[in-house]
Amino acid sequence: TYNWDFGDFGSANNNSTAPSPDHVYPNTGIYSVTCIATNSTGCSDTTELDVRVALPENIFIPNTFTPDNDGQNDLFRVRGNNILYADMSVFDQWGKNVWGAEKTETGWDGLSPKGTVPVGTYNYAIKVYLDNGATSYHRGSINLIR
């Protein structure tokens, strides 16, 4: 026999006796799943595993932003689910680094250490850190419009 506890307290389907059950979690989070298996002679064994339920990353990097302090699209930043932070570098058309930040949770506001950068197209290199320990790398261009 099998006795499953999906760690989804409050769910009507939190338990099962099926050998290979399915369970749909309604919310993201970490759930502690326990299975007690008992054979015909009464000998049993227990196993437990933490299951992480997360939204897909769906990383989105825009191709245009408008840092004009109107409260809309003022920052060039990575968007998506499960993102902890990103290492970002922005380069001008000649490859000169105009801005960079490690472990940023916000993004680029269109300024460089020397002040406001002109309207134009800039290149970026971004390393995104996800909450599951994975990383992803992205390169492309961004249009800055004021």
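**The largest nonpolar core**

Modeller: In this predicted model, the largest nonpolar core has 18 residues, of which Phe76, Val98, Trp108, Tyr122 and Ile126 touch the most other members. At least two residues of this core are supplied by each of β6, β7 (97–104), β10 (120–130) and β11 (135–144). The largest share comes from β10, with five residues.

Ile126 shows what such a position touches. Leaving aside residues up to four places away in sequence, Ile126 is in contact with Ile61, Phe76, Val78, Ala86, Asp87, Met88, Ser136, Tyr137 and His138. Phe76, one of these contacts, is itself among the residues that touch the most other core members. A second, separate core has six residues, including Trp4, Phe6, Val33 and Cys35.

As for the backbone, most residues other than glycine have a negative phi. Two asparagines call for comment here. Asn69 is not a glycine, yet has a positive phi of about 60°; Asn73, also not a glycine, has a positive phi of about 55°. Asn69 is found in the loop between β5 (64–65) and β6 (83–91), and Asn73 likewise lies in the loop between β5 and β6. Their surroundings may be stated in terms of accessibility. Asn69 has a relative accessible area of 74% and is therefore exposed, the cut-off being over 50%. Asn73, with a relative accessible area of 46%, is partly exposed.

Note on methods. Residues numbered from 1 in each chain as written. Predicted model: local features only at pLDDT ≥ 70, side-chain atom pairs only at ≥ 80, totals over all residues. Heavy atoms only, no water. Helix = DSSP H or I, 4+ residues; strand = E, 2+ residues; numbered from the N terminus. Buried < 20%, exposed > 50% of the residue type's maximum accessible area, 1.4 Å probe, protein only. Core = buried A, V, L, I, M, F, W, Y, C linked by side-chain atoms within 4.5 Å. Contact = heavy atoms within 4.5 Å.
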